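Trainee: Could we go through a pair of neighbouring helices together? Please begin with the terms.

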Amino acid sequence: MLPTLNILLNTPWYYLLLCLACGAAYSVVLYWIRPPSGISKRLQWVLSVLRFVVVALIALLLLSPMIRRESHDEQKPIILIAEDNSTSIALCKDSTFYRGAYADSINRIVTELSDHYDVQRFHYGTTVSPASNNPDYQDPQTDISGAIRELAERFQNRNVGAMILSSDGIATAGCDPSSVNVPFPIYTIALGDTTPSKDAAISHLRYNRTACVGNKFPMEITIQAHGLNHQTATLRIVTGGKSVFEQPVAYNGNDFSTTIPVSLSAEHSGIQSYTIMLQTLDGERTSVNNKRTVSVEVADHHQQVVILAAAPHPDIAALQRAVAQNSNYDVKVLVGNEVATHEFNKENIYILHNLPSASVTPASKLLSSLHILYVVGLQTDLGLFNALQTGVTINTNLSKATDAVAIANPDFSSFSLADASRFQKLPPLDAPFGDYRCAAHVMTLFYAQIGNITTRQPLVALANELGHSNGIRTAFIFGEGVWKWRLHCYLQDGNHTDFDQFIYKTLSYIGDWNNQQQLHIDLQSVYPTNQPIVIGAELYDDLGQPTNQPELSFSLRHGSTVSNHDMSRSGIGYQLTLGCLDTGCYTYTATTTLSGKKITANGRFVVEDASYEYISLTANHALLNTLSQITDGQVVYPNQLSWLTQLIQQREDIKPVIYSHSTYTDLIDSPLLFLLILLLITTEWCLRKYFC
């Protein structure tokens with residue numbers, strides 16, 4: 001559309017009459033009261049008009065008028081196409097069709113819709129990525145809810161008309177897709193085969209990722225079978241080449257499901273691998289889902305975590321459950337008056353929630369020499385807290401809270417979280433209002449975003465051993481409401497892993513320093529095949545101060561294959577990104593030289609198979625139907641794809657949006673107006689020069 005022009009005045013309209021009056025008066029005086037001699041009446045009128053226009057325009061410019069240009073842009077409706085790129089599509093009996101005729105139909109739909117819509121095409125599985133070609137069906141997991149949520153966030157406040165989502169309905173990650181709320185209809189393309197085939201599978205495992213030497217740890221194995229009625233298979237668990245559990249499983253039904261509880265002994269320290277095998281019977285569709293291998297980190301030490309709280313609070317249950325997920329820790333909770341009588345132990349790790357407070361103060365002079373995670377809230381007595389000289393002081397005259405959102409500090413390198421940026425999407429904490437001042441030995445993990453402003457105020461911080469004469473570490477969460485973090489993690493991913501890992505790594509940081517080596521490598525003991533591996537490292541000099549001046553090499557061995565890497569400097573530490581690795585056990589050696597002394601750190605980790613797509617190959621079209629119904633969309637099948645374009649074009653609510661943009665400039669800056677005035681004056685001068 002062509003832009004429109006308007007002239008705006010900052011003065012009353014009748015000032016224009018004064019401009020015209022000035023032009024008329026100047027013209028009358030110059031050409032009618034004392035007209036030049038020897039000119040005709042016609043020339044007299046022409047010169048009068050020229051002078052009138054010039055003077056009126058110049059007078060108008062003295063009023064500082066402005067020009068408003070309005071332009072209008074039409075934005076086509078956006079059609080999002082999200083294609084399932086998971087392995088389960090390629091494993092169905094129609095896989096050849098999906099790689100051929102079906103792919104051609106999708107490409108044809110993209111071409112047809114592009115005439116009237118802005119088509120944005122993506123592939124999804126574990127993550128979402130822009131697509132320029134057909135799927136290769138190699139992604140080991142399917143997160144349908146995560147794909148819908150991420151695309152809705154990417155195109156927030158955009159003119160999204162509809163989403164076309166292809167899937168077999170088999171979601172192996174994330175939460176229930178029908179719980180995701182989006183402002184546009186979702187048209188689902190139902191792929192896969194809904195006919196159950198004869199098959200048995202280890203569908204789900206629940207077990208502790210960690211255990212202690214000499215203890216037993218539980219494992220729950222869920223087995224599902226279809227079409228194998230009146231048959232029996234043997235379930236075995238093998239570790240170290242030795243069978244530690246064996247039990248027959250009788251399939252007494254065509255649709256069979258059972259959960260078998262198992263208690264296993266942790267006999268040796270280190271990472272122990274357990275292979276769960278379900279006997280494959282004749283006629284089963286696949287044997288891949290009859291075997292699972294898991295790894296458990298067996299530690300040779302146990303620590304007590306004591307949660308002390310001024311009063312009952314939802315945070316306490318969230319922290320207790322997060323700590324209890326790790327069998328290296330025993331957790332104990334004391335609230336209110338129980339705190340005052342507790343006998344403190346330097347070997348324990350303490351979580352102080354809203355302590356010290358005006359009503360409850362721990363009866364200990366050892367607080368400055370304990371491993372403590374402080375959760376500072378509105379009930380915390382900030383005067384008593386500042387007196388502890390933890391490295392952080394909060395000065396305030398007001399007893400109120402501010403909503404603070406967690407923003408990851410990119411320079412923090414003491415340990416790494418799987419995806420620290422995801423914490424920005426979690427609900428805000430109720431942080432005490434005040435002026436936060438941190439000592440040099442306090443490192444910020446998360447800054448506080450208040451409103452739309454990212455401040456330098458810490459929301460989560462850790463104090464290293466350099467600020468304590470006793471050589472201990474402490475940590476701080478400045479705000480109440482971490483229970484909302486744990487709940488929101490579950491809503492996002494269907495599990496509490498992100499929050500539990502955050503608490504575990506924080507407690508490990510403050511509790512394991514006494515056993516810390518001069519070179520510390522930060523990594524998990526177990527990784528899935530679909531998770532990129534990022535390794536952090538810390539090096540300490542002879543005075544215990546962190547340094548990253550020397551070069552640090554990292555050697556990784558997998559079987560007979562050895563790869564060598566140089567770790568890059570990050571903040572005050574080091575970092576190395578290995579990406580996604582194949583399944584198996586990996587050993588590593590990190591080496592550096594400091595002050596002429598060679599320093600090494602050794603260890604190992606396990607990469608587990610994350611091919612959850614093999615567990616169930618029966619398509620779930622009911623899920624897709626529910627998703628389309630609640631979003632006012634519709635389910636179509638691969639043989640109905642020719643209707644899909646018509647269904648979208650028939651919707652009256654998918655329309656272009658016209659955006660208007662206004663720009664303002666001073667009229668005096670217009671070169672055309674300057675040229676006009678110059679032309680008029682020149683014309684008048686030439687006429688007078690020639691005829692007068």
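Mentor: Helices are DSSP runs of H or I of at least four residues, numbered from the N terminus. Axes are lines fitted to C-alpha atoms, for helices over the stretch in contact, and angles run from 0 to 180 degrees between N-to-C directions. This is a predicted model, in which local features need pLDDT of at least 70, side-chain atom pairs count only at pLDDT 80 or more, and totals for chains, interfaces and linings use all residues. Residues are numbered from 1 along each chain as its sequence is written, and side-chain values use heavy atoms, without hydrogens and water.

Trainee: At what angle do the axes of α10 and α11 cross?

Mentor: Helix α10 (residues 482-493) and helix α11 (residues 497-511) have axes that cross at roughly 140° and come within 7 Å.

Trainee: Which residues of α10 meet α11?

Mentor: V482, W485, R486, C489 and D493 of α10 meet D498, F499, D500 and F502 of α11 (contact: heavy atoms within 4.5 Å).

Trainee: Changing topic, which residues of α10 are buried?

Mentor: Buried, meaning under 20% relative accessible area with a 1.4 Å probe and protein chains only, are V482, W485, R486, C489, Q492 and D493 in α10. They cover an arc of only 125° around the axis (taken from the directions from the helix axis to the C-beta atoms), which puts them on the same side of α10.

Trainee: And how many residues of α11 are buried?

Mentor: In α11, 12 of the 15 residues are buried, so this helix is largely enclosed by the rest of the structure.

Trainee: What follows just after α10?

Mentor: G494 is found there, with a positive phi of about 80°.

Notes:
Helices (H or I, at least four residues) and strands (E, at least two) are DSSP runs, numbered from the N terminus. Buried means under 20% relative accessible area, exposed over 50%, partly exposed in between (1.4 Å probe, protein chains only).
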